[in-house]
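The following exercises concern one protein chain. Each task is followed by a solution in steps.

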Amino acid sequence: MKPNNETLELLNRHTSVRQFQDKPVSDEQLAAIIGAGQMASTSSNVQAYTVIAVTEPDLKAQLSKLSGNQAYIEQCPVFLVWCADLYRLREISGPHLQGAASYVGSTENLIVATVDVALAAQNAAVAAESLGLGIVYIGGVRNNIAELSELLGLPELVYPVFGMCLGYPAGVNGIRPRLPLQAVLHHNGYQADASVEQVKVYDEVTRDYMRERTGGQKDTPWSEMMAGRLAQPSRLQMKEFLLQKGFMQK
């Protein structure tokens, strides 16, 4: 029998929310959601992330413009900007190093901070959904990352990894199908043939999903969508921005 409980049911109901009610998220709810995020696993307890909660309408409007004019950033009551943060670690560790070299800006620590913020954000997303709220991740905060970082006053060794719209759903999309489990769960080693072969199955599933979602206007399979995505340059400014911010120095 397939295991099931309330937690699994909640996780399996996840869908991105892009329409929000005109209903506030309370300070107590926000604190509980971010607090749950803080309980996610963190590498060596470094907790290398910061979350900026934006509720001021004009600021949300500016962030929306910089993130691809995504209207739901303005519509949601709270827009969270999740940042990988090594600035705090650099500042508090300095006095203890007594002149010794610091590797805070290493590529490994960039990875650590990025993973930390992703784990915390997903904990927060689940916590929000458990309270009847909805979320959608916004990678568009990296579209104009230098301007957005300046707008939010992000110091050296801090960068916005993604945004998250938070609020009460005004409408819920259908659940988007995922790759077959066999494509992502490999036993005792990477199974290259199975990984690729399962996409053929998934392509048919996504064709059906797209037909239903668009009223028959589209039936693009997943593999074709991914090919189109990879054929387009995307945020090529990231490497130079991260170097300028003090990341990847070693």
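**Exercise 1. The chain as a whole**

What percentage of the 250 residues in the chain do buried residues make up?

*Solution.* The model is predicted: local features require pLDDT of at least 70 and side-chain atom pairs pLDDT 80 or more, whereas totals for chains, interfaces and linings use all residues. Residues are numbered from 1 along each chain as its sequence is written, and side-chain values use heavy atoms, with hydrogens and water left out.

Step 1. A residue is buried under 20% relative accessible area, exposed over 50%, and partly exposed in between (1.4 Å probe, protein chains only). Buried residues account for 36% of the 250 residues.

Step 2. The C-alpha trace spans about 60 × 50 × 40 Å along its principal axes.

Step 3. The chain contains eleven helices and four strands; these are DSSP runs (helices H or I, at least four residues; strands E, at least two), numbered from the N terminus.

Step 4. An automatic or database domain assignment supplies the domain bounds. The chain is divided into domain 1 (6-175 + 232-245) and domain 2 (181-219), with C-alpha centres 29 Å apart.

**Exercise 2. The sheet**

*Solution.* Step 1. Strands of a sheet pair through backbone hydrogen bonds, either parallel or antiparallel. Two strands are taken as paired if DSSP finds at least two bridges between them.

Step 1. The open sheet has four strands in the order β1-β2-β4-β3, with antiparallel pairing. Since β1 (49-54) and β3 (134-138) are at the edges with a single partner strand each, one side of each has no neighbour in the sheet. From one strand to the next, the twist averages 25 degrees, where axes are lines fitted to C-alpha atoms and angles run from 0 to 180 degrees between N-to-C directions.

Step 2. Strand β2 (residues 78-85) is joined to β4 (residues 158-167) by eight bridges. V81 stands opposite G163 of β4, and C83 has P160 as its bridge partner.

Step 3. β3 pairs with β4 over five bridges, again in the antiparallel sense; V136 has C165 in β4 as its bridge partner.

Step 4. β4 is largely enclosed by the rest of the structure, because ten of its ten residues are buried.

**Exercise 3. The largest pocket**

Which residues lie closest to the centre of the largest pocket?

*Solution.* Step 1. On a 1 Å grid over the protein atoms alone, a pocket is an open set of points where a 1.4 Å probe fits, with protein on both sides within 12 Å along at least five of seven lines; lining residues have an atom within 4 Å of a point. Its volume is the space filled by probe spheres set on the points, which are joined across faces, edges and corners.

Step 1. The largest pocket holds about 690 Å³ of space. Of its 20 lining residues, S16, R18, R176, R178 and M226 are closest to the centre.

Step 2. At least three lining residues come from each of domain 1 and domain 2. Helices α9 (192-213) and α10 (222-230) each contribute at least two.

Step 3. The lining comprises six nonpolar, seven polar and seven charged residues. Here Ala, Val, Leu, Ile, Met, Phe, Trp, Tyr, Cys and Pro count as nonpolar, Asp, Glu, Lys and Arg as charged, and the others, Gly among them, as polar.
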